[in-house]
Amino acid sequence: MLALRRLAAVGSADVVCIAQERPEVAARLARRAGFEQTVLVDPAPYAVSRSFGVETVPTAVRIDVDGRARDRVVGWDAEGYSSLLGVVIDGEPRSKPGCVARGFFEESFGGLDELEDMFERGWSDGLPVVPPTPERVEAMVGGRDGARSLGLVPPAQGEATLERVAACAVLAGCRPAYFPIVVAAVEAALDPRFNAHGVAVTTQPAGPIVVVNGPAREPVGVNGGMGALGPGTRANATIGRALRLVLALTGGAYPGGLDRATLGHAGKLFCCFAENEEASPWPALHVERGLAPGASAVTVFAGDAPLSISDHRSKAPEELAATLAWAAAGQWSPFWWPMDDTSLFVVCPEHAALFADAGWDKERVRSAMFEAVVRPAGELRRGETTPLVHAADDDTPIQKWTTPEKIVLVVAGGEAGRFSAVFGPCDGMKSEPVTKEILWST
Amino acid sequence: MEYVSPIDERVREPIPFASRPSALEGKRVALLDITKARGSEFLDRVEQRLREHGAQTFRISKEIFSKPASLDVIEEIALRGDLTVEGLAD
């Protein structure tokens, strides 16, 4: 960075920076240094650096018109650069040693550890991954046609062949038995109705949320019970992570690269859980969405972090419906009413039982929630609000959602405890939930 | 060590930029509104400035900012315009 900053000040067009980075990282580096000259990249396995025998970064090499390397300067050396470029370089410090170059480190110290190699390649979400060796990927593909394409993954339009999806599933730590669920989740996310492009690149913190229904949950062990939204279950963590890696690696939506999330959130590492159909008094999500009760399915939603909703004291269903719904009143923005986006509520079994004991079906719950959250337009004309609120009279009642159908209810969680949750929406994306059947012969 | 890459490694041919016009006089400029909040205000101002420089302008919108422009939109810009200005972000 020091050398780049100082050379940026010199401004010589003859200087080309070759960064041992991926393009987006190199671009950021140059921007931070104010370096406006040409920047090229030499990512792993650092072929250019090796060919010039670079052991230290920074190293400057003067290339003659005949293409041969002449003089070189190692580390930051103001006098050396002055001589190399034929200009006066003022200012302190005059010299500073560099660091070991990446390719040189591998050669000198017996090669990269396999896990470190994955980070070097950028095949990670920040946590260690399982290296996708041909043997592991083959086991994941499981005799299916690895060249079969599930479609192009936005935003970079990488093709999601089964083999690449399997590589992501291996990286994520999936067992081969999970693969049909991963494939169904990728198919759902690539459905145009989901708008993976918008979800992947948005400055919002949103990411995909995967809900698994049907018999497939059992053998694979997707958790819909205690701690369903949290860590601790391999299937939940790795299936959700595999879909994220398909978007980030095959699709190129890497955080800080084409994924432009201002903040993001930890749930973008993975978000996958099962519906606790056994504890639910209502038809399962996939049945509600048109599939047969015996089918297995994934439903993919776009949303951000869940907000926990505690209610241990409501006795009447109207009270509980109001508690759940008002918890979402501040979603997107406290004054952004109505919201034309899906709010995914995860209703815990005790809350679901209270509704069931009162004879309330899902439709009744949804309707009561929709009706409960209403405020006069005059109270909403603050900060960011909608054109509808701006145009309305002060006393006009405005609801939080455009329709009751924007409220989606899924039952999950342990048998004890009255904590439900609502996921933040992915606003304004026209992203719809998409359900795909899990086909074991995929 | 050999690995199966999760990345589509195919190299795509870069599409060259169209040549830059030397003047705006008489040029047809497409003003693409991606439907982000206040994008139209930005384009209003750009449109005014372009007309002052003798350019002709026409407005066109994407279905929604979060999706790539449809082929219809791209074709209309290509057919009707010499230049495009896109109003990005809020």
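This is a predicted model: local features need pLDDT of at least 70, side-chain atom pairs count only at pLDDT 80 or more; totals for chains, interfaces and linings use all residues.

Student: What label does Gln157(A) get, and why?

Tutor: Gln157(A) has 15 C-beta neighbours inside 10 Å and therefore counts as partly exposed. For Gln157(A) too, phi is near 60 degrees, a positive value in a residue other than glycine. The loop that holds Gln157(A) runs between strand 9 and strand 10 of chain A.

Student: What makes a stretch of chain A a helix or a strand, and how many of each are there?

Tutor: Helices (H or I, at least four residues) and strands (E, at least two) are DSSP runs, numbered from the N terminus. Chain A has 17 helices and 19 strands by that rule. Of its 442 residues, 44% are buried.

Student: Why is helix 8 of chain A described as largely enclosed?

Tutor: Helix 8 covers residues 162-172 of chain A, and 11 of the 11 residues are buried, so the rest of the structure largely encloses it. Among the buried residues are Leu162(A), Glu163(A), Arg164(A) and Cys168(A).

Student: What does helix 8 of chain A pack against, and what follows helix 8?

Tutor: Contact here means that the C-beta atoms of two residues, placed from the backbone, lie within 7 Å. The buried residues of helix 8 pack against helix 7 (134-141), strand 9 (149-153), strand 10 (158-161), helix 9 (179-190) and helix 12 (234-250) of chain A. Gly173(A) follows helix 8, and the phi of Gly173(A) is positive, near 100 degrees.

Student: How many residues of each chain take part in the contact, and which element of chain A gives the most?

Tutor: Chain A contributes 23 residues and chain B contributes 12 residues. Helix 8 of chain A gives the most to the side of chain A that touches chain B, with 5 residues. That side divides into 11 nonpolar, 7 polar and 5 charged residues. The classes are nonpolar (Ala, Val, Leu, Ile, Met, Phe, Trp, Tyr, Cys and Pro), charged (Asp, Glu, Lys and Arg) and polar (the others, Gly among them).

Student: How do you know that strand 13 of chain A pairs with strand 11 of chain A?

Tutor: Two strands pair if DSSP finds at least two bridges between them. Strand 11 (residues 207-213) and strand 13 of chain A share 7 bridges in the antiparallel sense. Ile209(A) stands opposite Phe301(A) of strand 13. Strand 13 is also joined, antiparallel, by 6 bridges to strand 18 (residues 419-425) of chain A and by 4 bridges to strand 19 (residues 434-437) of chain A.

Student: Why is strand 13 of chain A called largely enclosed?

Tutor: In strand 13 (residues 297-310) of chain A, 10 of the 14 residues are buried, so the rest of the structure largely encloses it.

Student: What makes strand 2 and strand 3 of chain B edge strands?

Tutor: The open sheet of 3 strands in chain B has the order 2-1-3, with parallel pairing. Strand 2 (56-61) and strand 3 (83-87) of chain B each have a single partner strand, so one side of each is left without a neighbour in the sheet. Strand 1 (residues 28-33) and strand 3 of chain B pair in the parallel sense over 5 bridges, and Leu32(B) stands opposite Glu86(B) in strand 3.

Methods
Residues are numbered from 1 along each chain as its sequence is written. Chains are lettered from A and ligands numbered from 1 in the order in which they are written. A residue is buried if 20 or more other C-beta atoms lie within 10 Å of its own, exposed if 12 or fewer, and partly exposed in between; C-beta atoms are placed from the backbone.
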